[in-house]
Every structure is written in C-alpha cells, then in structure tokens.
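This report goes through one structure, part by part. Keep the sequence and the 3D view at hand while reading.

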Protein chains: 2
Amino acid sequence: MPIYAEIVASGTELLMGESQDTDSSYIGSRLPALGLELRQVSLVGDDLERYVEVLKRSFTRNQFTFTTGGLGPTVDDVTREAIAKVFGEEVYVDPVQQQWLIDLFKSRGTQMPSRNIKQAWLIPSAVALPNRVGTAPGWWAERDGHVLIALPGPPRELAEMWEKEAAPRIKARVTGSVVLTRTIKTIGLGEAIIDEMATEVLGIENPYVGTYARPDGIHLRIIARGSNEQEAKRLLEPVDHKLRAIFGKNVWGIDDETPEDSVGTVLRVRRQTLATMESCTGGMLADSITNVPGSSSYYKGGIISYTNDLKVASGVPADLIETYGAVSEEVAAAMAQAIRLHLDADYGIGVTGVAGPDALEGKPPGTVYIGIAGAREAKASYHRFPANNRGLVKRRAVTAALLALRTHLLEV
Amino acid sequence: MPIYAEIVASGTELLMGESQDTDSSYIGSRLPALGLELRQVSLVGDDLERYVEVLKRSFTRNQFTFTTGGLGPTVDDVTREAIAKVFGEEVYVDPVQQQWLIDLFKSRGTQMPSRNIKQAWLIPSAVALPNRVGTAPGWWAERDGHVLIALPGPPRELAEMWEKEAAPRIKARVTGSVVLTRTIKTIGLGEAIIDEMATEVLGIENPYVGTYARPDGIHLRIIARGSNEQEAKRLLEPVDHKLRAIFGKNVWGIDDETPEDSVGTVLRVRRQTLATMESCTGGMLADSITNVPGSSSYYKGGIISYTNDLKVASGVPADLIETYGAVSEEVAAAMAQAIRLHLDADYGIGVTGVAGPDALEGKPPGTVYIGIAGAREAKASYHRFPANNRGLVKRRAVTAALLALRTHLLEV
C-alpha cells in the first residue's frame, strides 16, 4: 500500500508567474527515496479560505501533506492560520520559540520587530522545526497518523530544514516501500544500440530500467523498490554495476553530474590543464567550466573570439579563415590548437558556429564546429543543432564540446 | 465579479521533480492582462482518475480551466480522455485533423504512425486549436459558459498556441476587468529615497505602485485595473511617464528587459563597441552579453583571464598585480583598459574577484572589483555579494558590471 503525499505551495507571486515554484520539485524529487508517492501539487494564493480548503482535502486523503511558504511575519503569511483552522485549534505563543527569536535578532544587533512574534506561534498538535538559516521555524503537526509539515519558502531555508529536520523524521516514521533511483548518462551510442546491449536488464520489473534520449546523450534510469533503503540498494547496485560494465567509456556521468563536472574530474586527477577559444558560444563554455568549484586548478582561461581579427591575433592562421570561412572544421581545430599553445595548456577546445537567429557565411543557425587539440593532434567535428533558440544552440554546443573533450581524454 | 481561472498541469515527471512546470507561470503571468484571476494551479501525474477529479472540480468552479501537457500520442497522454470524461462525451476521429496530421507527416517525408491518430480526436463540445510547431492540436471545449482549454506541454508549442489561438479567443470572450502591469527597474538609489521621490504616486489605489528590492536594483511595479484594456492603459501610462521623469537616468530597464539588453541598446544606437576581460565571472559576463541577438555588431570579444600570466599577457601591468594583488580595484581598472586597447573597442569591462567557495589573496568569497574603461578614463568599484553560492556570486557580479557600464555610458 503506497504512502501518499501532497504538496501545497502558497504565494500570490507563484500564481502571477512572478516566481517559479522550485520548492515543489525539490521535495518531489526526494520523496520516492523516502517511500512516499507524490499524488498532487497545488499552488494557491495568499487566500486563507482557499488555502484551508485545499489543505483539508489533502490532509484527510494523504498520510503526508507538505506546505511551502507563508511562514514569514506579515499578514500575507497565512500558513500558520490555515493549519490551525485545519486542526480546529487556537494558536499560542510558544515561549521557547519566542526566546529563540529574541536571541536571534539580538545576535544580529537589532531588536525583534513586534510583528515577528507570529513566527513563535504553535498549536497544541504541532512542534517547531528549527530553522538554521532564517527566522521562520517550520511546523510538524499531526493527528490520527496524518502528518502536515510546514516548510519555509526560500529555497535555501527549505533545503536546510528538509535535510536536517524533515527528511530524518519522515525516514524514522515510514516503514513501507522505499524507491531508489540512479541515472547513468551515456554518450556516443544510439537508443536502439543501447536497448540491444542492455537487453538482459531492460525486461526486469524491479529494478526497472528505462532509457531516455536527452540533449547530452542517452540516459539509463534504474528504479529499485524495496521494503527499506537497504533492500532497495541491494536490488539497485548489481544492475548499476552491470550497466557501467556494459557501457564502459560511453558512461560520462551519474545522477546530477554535468559534462563540466565529468571533464573536471578527469583533468584534476591527471593534473592536466585546459584552455578554450569560443565564438558562437560567446563565453558559455568558459562559464560552464568555471561553475565547478576548484576549476581554477585545471582551467587556464580562454578567449571569446567574436571577431576574425581576434581569432588571428590569438594564433589562428588568417589564410585558414580566408580559405574555409570562420565557421569551418579547419578553423575550429586551429582555434583549439592556438589557444592550447597560447595559454600553454595540455588541451584546447575551439568552438565556432552560428547561434542565430541569422545565418553566417551562408551557414544556417545551429551549425557548429567543435575542435579538440591535445599534444598529438587537433581535430574537429561538425554538429547541427535545432536552431529555434539562440540560448539553446549555445547550450547544446557547450554540452557537445565538453563531451567531445571527455571522449578525447579517455582515448589518449 | 472577478472571472476565475485554474490551471491543471499533468505529467508524472513534474511530480518526480524531473522537470520544472514553467508552463503554469507562463500562463499565470499573462492572465491578469486578459482580466482573469488565477485561483489555483494543480500538478497531477498521468493518472486518469485523479486527473478527472481535479478537472471536474475546477471546471464547475471556474469560468476558465487550462490544462497543459498530456496531448502526445502515447498511452500516458491522457488529457483528451480526461476531458471527455468531464464532459461525459465520447471521443471521435475528426477527419479534418486526421488529414492535417497525415499531411504533416508526409511533409516530413514519413508516414503517420498509427498511434498518432489520437491527436486527431475531438469530442462534440470541443473544437481543435491549431498547433503550428508540433503534432498536438489543442482543444477549446465549453459548456454553460465554462471553458476548458487544453494546451500542449512543450513550452515553445504552448507559447505559440497561446499567442495565436488561446489569448485572442479569451480576449474576444471576456468583458470584465483587465489588469495591466509595468515594471520600471532602477539602479543607484536606495528603497527609502525611492519611496520619498515617488511619494505622490505611492499612495494611490489604482494604479497601485509597489517597490521591490532585487539583485539588479529597486523595481517599481505599476498595477492598473480597468474595465477594458484601453481604460487600464489610460490609467497606467501617466504614472509610467511620471516615474520615468522622476527617476531619469536611474531607470535602466522596463518589464523583462535585462542589463545586457539595456547596454546593447545604447551601444547599438551609438555605434560603439565593447570588450571584456573577466576572471571570477569566468565567461558569464561574455555569455550574458552574447545572449542578445545581434550582439556581434557591438561586442568585439573578451578574455577569461583565469591566471595572472594571461592577465599580464593581455596587457595588465605585472607590477600592479604584484603590488595590489590580482583581486583589487587597480587590477580591475587595468583589465578594463587593457582589453579595450587590445581589441580596439570603445569600452572595456574588467572583472576580478572571489567566486568562492575558498578565499583568495586573503579576500573572502563574494568580493568583486569591477573596472570600466572608456576613452577618457578607467575606474573601478568595489562590491561585496552574499557568498553562499558560486553561481550566484558570478550572476550578481555580471549584473553589477553591466549596470556599471550603463551608468558610465550615460555619463559620457
């Protein structure tokens, strides 16, 4: 029997489309591993009546109801009032929470504003969940086996409270079926070939393995169900190992790993360095590489060669550009080699192409050439991406460039 | 009497937190201008029974119900089935839609797969909304003044169908109160000063003006209500003009305008050019600038100087780095000047700082110096951003750098 959950996210700004409800997907992605099945997410405004109605329905139908937002000190923050109504209880000022708030404001060198007293409220059926990064404690309220957990809206506060407070308490409570997942990301193989190679695990029901075509290659997703975490792990691990053995070097990442993480790990371990010269990606390649903490140990820098002059000044032979055009395989390879030598790096990446919306040198938007240079050779590949969006062309070119480098790194 | 709307977004991947429901905020942000008030958003899985229940409740309680997703050809795509159940009607294959689908696949050089026939379904109470960019027509179904509009999930298809089909039809139908909004983005003034300067419009109820502190400065948001678009406009425009007059050069953008749009517009009009040298932002500055279509007409390129060697090789005096450190006002200004001269541009931006998580040269994460160089001078400013997230430090530094350039452009 599955344990059901619902999320109720509150805030008029969510309904106005002014901010995106990322909290629900944060929670949603973490529930299966706790053995909870999310049935619905509801976004409501700062409207007490509607909020109470949605909460009541969820509370009676699910074992777990999560609320996000509405725990601030203003009159618009109605989550506590809504929960009190659902439980038919009166709020009171909890002296422990009150003292904590007073001390918190004192430590910040200021007095607690009187309106913040709201954040010290509780009802008899609720206990407070400590907030380590903000002024809004959460609530854990329950009756007859139904639990209602109120979490703060700011993503950083929510994540902190989830990990430190909510998840451990849920784990201690739930003894049902736990779902663990793992995503294995591959590049260089088509979906049909993957299906064929993985045939022995694709037919199984538990763990279930699905294949998904994504811009960064084919993903294999393992979903294992067990009566507890250990059992689910025992089911998942052998299939994980089998898939990694089958696809070997074609596996470039696991779960949330990005191409820039994957490349960074190899370079760091080998103590090798990288430099980039990019035109159509306009800095997004360097930006992605430098998003990885510690990237300064292997990334030497780069050039955004938005003009041919700058390409030439950075070491790309002018006659190559004249003969083949700036958007060409030859120039991509030369860019990679030039920046490698210019910055004295072990590897160089060169990217040239047409981000759009207009064509360039007669080449349509979406055309991209990626050059990779190492000590022995410089080579380039041709790509043609869907061209309906400039940012998306750039993003796909960056992914392709990083995965091309990764493939090259594993070949040498 | 407000006209109420609800959105029901379907897809198990939304509940698993695997993809973000951006469709609802797209629709949500567009409803007020059409005179509709969004009361709730519900995310449901590909579960027909639950879907029907949520739809039924919304359909009877609101004048408008929107669904997103579930219009594909697979068995998981249950939106049509759900709507048919809500209306208690049988689906049939519409010959016009069928022919359109057959022709569409033919034009792509392939035969229509048999399962796609589902996309030609209709019920007696529904008409099809043409899809210009995909294979899934939408539905406009109605009974007794209640309208249910089914839109495709892929954001590009949704946006196209919204603009070309749904919004015009809603506009023709609704004759109630219309809400128009405008956001005026300022930089360089604190919230208290803004409140004081705008005091004459801040007290009014319609149009209402609110102030919001954001990472890119203080935003003033005008919300005007009228019985139709013209009336709302007549209320909004004078306040808009007044605020722009009051804040003059401190206004850097309107509505969705980004700092890079704003800078690009000035440079394009003046036919001037820009170059960048960045270290801690690692390419994000260049990436933002080149996200603007047509940026190649004013952006000459840049250098990501992740090492001191590359800074020196690009024209930053080595003794400056030695004396003041790479993370300093002096080096930021020198980077801006060096890249301006190196790429023969009218303006140069230099950014140096500490993205984190570790300190650098004894300076804490979040420390950033921004240099701006023009024909007459090179200067730099010091910034200290919240340092809990590397990507966020980079993003704030980029915003500050672009707005610093904009301020400089308006001074010269």
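How many residues of domain 2 of chain A are in contact with domain 3 of chain A, and how many residues of domain 3 do they meet?

## Domains of chain A

The model is a predicted one. In it, 7 residues of domain 2 of chain A are in contact with 9 residues of domain 3 of chain A. The side that domain 2 of chain A turns to domain 3 of chain A has 3 nonpolar, 2 polar and 2 charged residues.

The domain assignment divides chain A into domain 1 (3-173), domain 2 (178-254) and domain 3 (259-411). Between the C-alpha centres of domain 2 and domain 3 of chain A there are 31 Å.

## The sheet β10-β11-β9-β12 of chain A

Chain A has an open sheet of 4 strands. Their order is β10-β11-β9-β12, and the pairing is antiparallel. Which strands stand at the edges? They are β10 (208-214) and β12 (251-254) of chain A. Each has a single partner strand, so one side of each is left without a neighbour in the sheet. On average, neighbouring strands of this sheet are turned by 25° against each other, direction ignored.

The pairing of β10(A) with strand β11 (residues 217-226) of chain A is antiparallel and has 7 bridges. One of the paired residues is A:Arg214, whose bridge partner in β11(A) is A:Gly217.

Strand β7 (residues 138-143) of chain A pairs with strand β6 (residues 126-129) of chain A. The two run antiparallel and are joined by 4 bridges. Here A:Ala128 is opposite A:Trp139 in β7(A).

β7(A) also pairs with strand β8 (residues 146-151) of chain A, again antiparallel, through 5 bridges. A:Ala141 faces A:Leu148 of β8(A) as its opposite residue. β7(A) and β8(A) make a hairpin, with 2 residues between the strands. In the turn, A:Asp144 has a positive phi of about 50°.

## Where chain B meets chain A

Contact between the chains involves 46 residues of chain B and 45 residues of chain A. On the chain B side, at least two residues come from each of α2 (22-30), β2 (36-44), α11 (284-290), β14 (299-304) and α15 (390-411). Which element gives the largest share? β2(B) does, with 7 residues. By class, the side of chain B that touches chain A has 19 nonpolar, 20 polar and 7 charged residues.

Strand pairing also crosses between the chains. Strand β2 (residues 36-44) of chain A runs antiparallel to β2(B), and 5 bridges join them. A:Ser42 has B:Ser42 of β2(B) as its bridge partner.

## A helix pair in chain B

Two packed helices are described by the angle between their axes and by the distance between those axes. For helix α3 (residues 48-61) and helix α4 (residues 79-87) of chain B, the angle is about 50° and the axes are 9 Å apart. α3(B) and α4(B) are therefore oblique to each other. Their crossing is right-handed.

On the α3(B) side, the contact is made by B:Leu48, B:Tyr51, B:Val52, B:Leu55, B:Lys56 and B:Phe59. They meet B:Glu81, B:Ala82, B:Ile83, B:Lys85 and B:Val86 of α4(B). Sorted by class, this contact of α3(B) with α4(B) has 8 nonpolar residues, 3 charged residues and no polar ones.

Notes: Residues numbered from 1 in each chain as written. Chains lettered and ligands numbered in written order. Predicted model: local features only at pLDDT ≥ 70, side-chain atom pairs only at ≥ 80, totals over all residues. Contact = placed C-beta atoms within 7 Å. Nonpolar A, V, L, I, M, F, W, Y, C, P; charged D, E, K, R; others polar. Pairing = 2+ DSSP bridges. Axes fitted to C-alpha atoms, helices over the stretch in contact; angles between N-to-C directions. Parallel < 35°, antiparallel > 145°, perpendicular 65-115°, else oblique. Left-handed = near helix turned anticlockwise from the far one by under 90°. Domains from an automatic or database assignment.
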